[in-house]
Amino acid sequence: MMEELAALAQWHNVRFMAEGLWITLRISGLTIAFSFILGTLLGVMRYSGHWLLARIAAVYIESFRASPLILLILLFRFTMPLKPVNSGTLAMTLFTAAIVGEIVRGGLNSVDKGQWEAARSQGFTWWQTMQHIVLPQALRKMIPPLTGQFITVVKDTSYVWVVGVQELTGKGVIILGQHGSTL
Amino acid sequence: MDRFAAFKWQALFRDWHILLEGLGRTASTAGLALLLALALGVLFGVLATAPWRSGRTVSRLYVSLIQNTPLVTQVFFLYYALPHFDIMLPTPVVGVLGLGVYHGAYVTEVVRAGIQAIHRGQLEAALSQGFSYVQAMRYVILPQAAQIVLPPMTNQAVALIKNSSILAMISGGDLMFQADSWSASTGYYGPAYLTVWAIYFAICFPLAQLARRWEERVRLSRGGEVTAA
Amino acid sequence: MGMKRKWGALLAAILAAAVLAGCGGQSKAPAGSGSGDASGLPAQVEKIKNAGVLKVGVKEDVPKFGYLDPAKNVHEGMEIDLAKRIAKEIFGDETKVEFTGVNAKTRGPALDNGEIDMVIATFTITEERKLSWNFSDPYFTDYVGFLVLESSGIQSWKDLDGKTIGVAQSASTRAALTEQAEEDGITVQFMEFATYPEIKAALDSGRIDAFSVDQSILWGYKDDKNVMLPDKFAPQEYGIATKKSNTELAEFVNNIIKEMKASGEMDQLYEKWGLK
């Protein structure tokens, strides 16, 4: 048993897994950054109640929230002229943005409407009120659900193995395939 | 538009029963997994708020162990690794167990939040009336908590249905697998993926809307103090 | 009101960025021309020449065909050599190839979306597939084989009666074996997996009784705990695939294959890689 474990710990296997870890981290990092930007935008759009922007945001959020991530990853892989790792990151970003959008909207909703009236009566514009008064307060409420969602993103990167991207899970399966019979 | 050519759609409609079989497997797996998740969630959710430290620790351990590892890894462990320890679970069981235990951890958090939202005085009142802890939970706290947890619970159900597509990665015969396998053998993936997306949407969207409506109602009846869990 | 316009502008900017990003993968900056004589090359081949590199989808886990050696980090195998040979024909330089790893599931779509110019990846020619892609004449004929655990005691294909066979999604194995099983009056079940390592893991864990794909692929997974059954079925002819609309490119590639077969160059390749 010890010999087999030693075989697993060989340098090229360690490097192999480290590559997987790096891909996992890169996909999750990009997904978190971009989905936060796009999600905030979507959340504010939906919250704004603007006849067109709110509707666009709602359609976007509901369509992406109702689809399995695995399906999006496959669909994007097969219909976009992108490398698998990029189409996977894009699918994850667009999917996560829909969820972030709902978290942002929830956060904004939790801020007392009275704050709006107070700020507007002080001569603040809509955007100034949003930027300086409402969004910072909402952000504080959003931190726990956002953290949870971003942890989920790191976990969800394992889905991109389905299109052959060798992230951590994929590398693990390959090693299992090579050394499984000795276990 | 090659990938959505008419003859590819015709081929899909000719083989429609393949998708139907997949839908059946998705429904049965998701249904059973949901029951398991509910059972685990109520059990560990009650433990999380129990007066005994060991109960809280066990619950905490379960939730953090499950919530901090990917579902794919957990399912692969059940599927590929357990047989090396002479535990060969059939694929459908791997699906139900994997999904049930995974979402059970999230349901635990929902149930815990629901119980904590009920005023502590109610528990004390019930206990002082001679109820045991379990009785107080069963007859006083949980029925009230149920109303609060309904919306987030529905969201968990939606997440579970979507995540059941994980079966596609272990030859599980679910909707996603059937579409994937069919499009892989024919090469006509365009119509297959689009159709499957529409089916998932038709199931998940109404459920999500239901959750939203309930959430709104709970928020109104509780004076806006409860935010999305 | 001002803010609303600002949001509109922001949205437009994001949409524009998304569209640009979507096209980015396809737009190719013409590389410095002037290398060699351009005349005589069909337009679709000329387009690749202008791009400066031939993009080929290859296997990375099939020793002797398409294999990415983890220690050396270079692609090698007979299919890799074929790709280099085609690059030499186009550019006069066999190093101008960019390899993209594909598996049975991803190779077709990668052609369709223009990510790669051709697939040379143990891709079996079938009538159904010919509707979706162009195939060259076969450059190799392989057979479907079986890898079983030595401890299972399975000696032949007939011993697989009532057993479960693991196959790769998108491979032509399943259809071929179903037919063979009917002929021999035995029944077998199938499980499908997206990748070969997953089938191997399923074999090792006892989820399946046999791992069945083309023998060339199976040899890569042979170890001291498993054995190759003597039976082999269903000739699998490998062809080079191109996008359906790239008919000129397909013809160009096919001429190279024909020439290599006629001149004996193909036999040299078999010899080099110990095939046949």
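The following exercises, each with a worked solution, concern a predicted model.

**Exercise 1. The fold of chain B**

Task: Determine how many helices and strands chain B has, and which pattern they follow along the sequence.

Solution. Begin with the count: chain B contains nine helices and zero strands. Next, read along the sequence, where the pattern is α-α-α-α-α-α-α-α-α. Finally, consider the extent of the chain: the C-alpha atoms of chain B fill a box of roughly 70 × 50 × 25 Å along the principal axes.

**Exercise 2. Two helices of chain B**

Solution. First, locate the helices: α8 of chain B covers residues 175-186, and α9 of chain B covers residues 189-221. Their packing angle is about 170 degrees, and their axes lie 8 Å apart.

The next step is to identify the residues that make the contact. From α8(B) come B:L175, B:M176, B:A179, B:D180, B:W182 and B:S183, while α9(B) supplies B:Y189, B:A192, B:Y193, B:V196, B:I199 and B:Y200. Sorted by class, the residues of this contact comprise 10 nonpolar, one polar and one charged.

**Exercise 3. The interface of chain A and chain B**

Task: Describe the interface of chain A and chain B by its residues, its buried area and its polar contacts.

Solution. Start with the residues: 30 residues of chain A are in contact with 34 residues of chain B. The area buried between the two chains is about 2600 Å², and carbon and sulfur atoms give 66% of it. Of the area that chain A buries against chain B, A:L71, A:K155 and A:Y159 supply 22%, more than any other three residues.

Eight residue pairs are in polar contact across it, with both residues at pLDDT 80 or more. The elements giving two or more residues to the side of chain A that touches chain B are α3 (53-65), α4 (69-79), α5 (84-109), α7 (126-156) and α8 (168-179) of chain A. The largest share, six residues, comes from α4(A). By class, this side of chain A has 15 nonpolar, nine polar and six charged residues.

**Exercise 4. Salt bridges**

Task: State how many salt bridges there are over all chains, and how many lie between chain A and chain B.

Solution. Over all chains the count comes to 19 salt bridges. Between chain A and chain B the count is two. B:R212 forms a salt bridge with A:E102, and the closest N and O atoms are 2.9 Å apart.

A further salt bridge joins A:R77 and C:E115, whose closest N and O atoms are 3.1 Å apart. This pair crosses between chains: A:R77 is in helix α4 of chain A, whereas C:E115 is in the loop between α4 (107-112) and β6 (118-120) of chain C.

Terms used
Residues numbered from 1 in each chain as written. Chains lettered and ligands numbered in written order. Predicted model: local features only at pLDDT ≥ 70, side-chain atom pairs only at ≥ 80, totals over all residues. Heavy atoms only, no water. Contact = heavy atoms within 4.5 Å. Buried area = accessible area lost by both parts, 1.4 Å probe. Salt bridge = Lys/Arg side-chain N within 4 Å of Asp/Glu carboxyl O. Polar contact = N/O pair within 3.5 Å; in protein donor to acceptor, adjacent residues only side chain to side chain. Helix = DSSP H or I, 4+ residues; strand = E, 2+ residues; numbered from the N terminus. Nonpolar A, V, L, I, M, F, W, Y, C, P; charged D, E, K, R; others polar. Axes fitted to C-alpha atoms, helices over the stretch in contact; angles between N-to-C directions.
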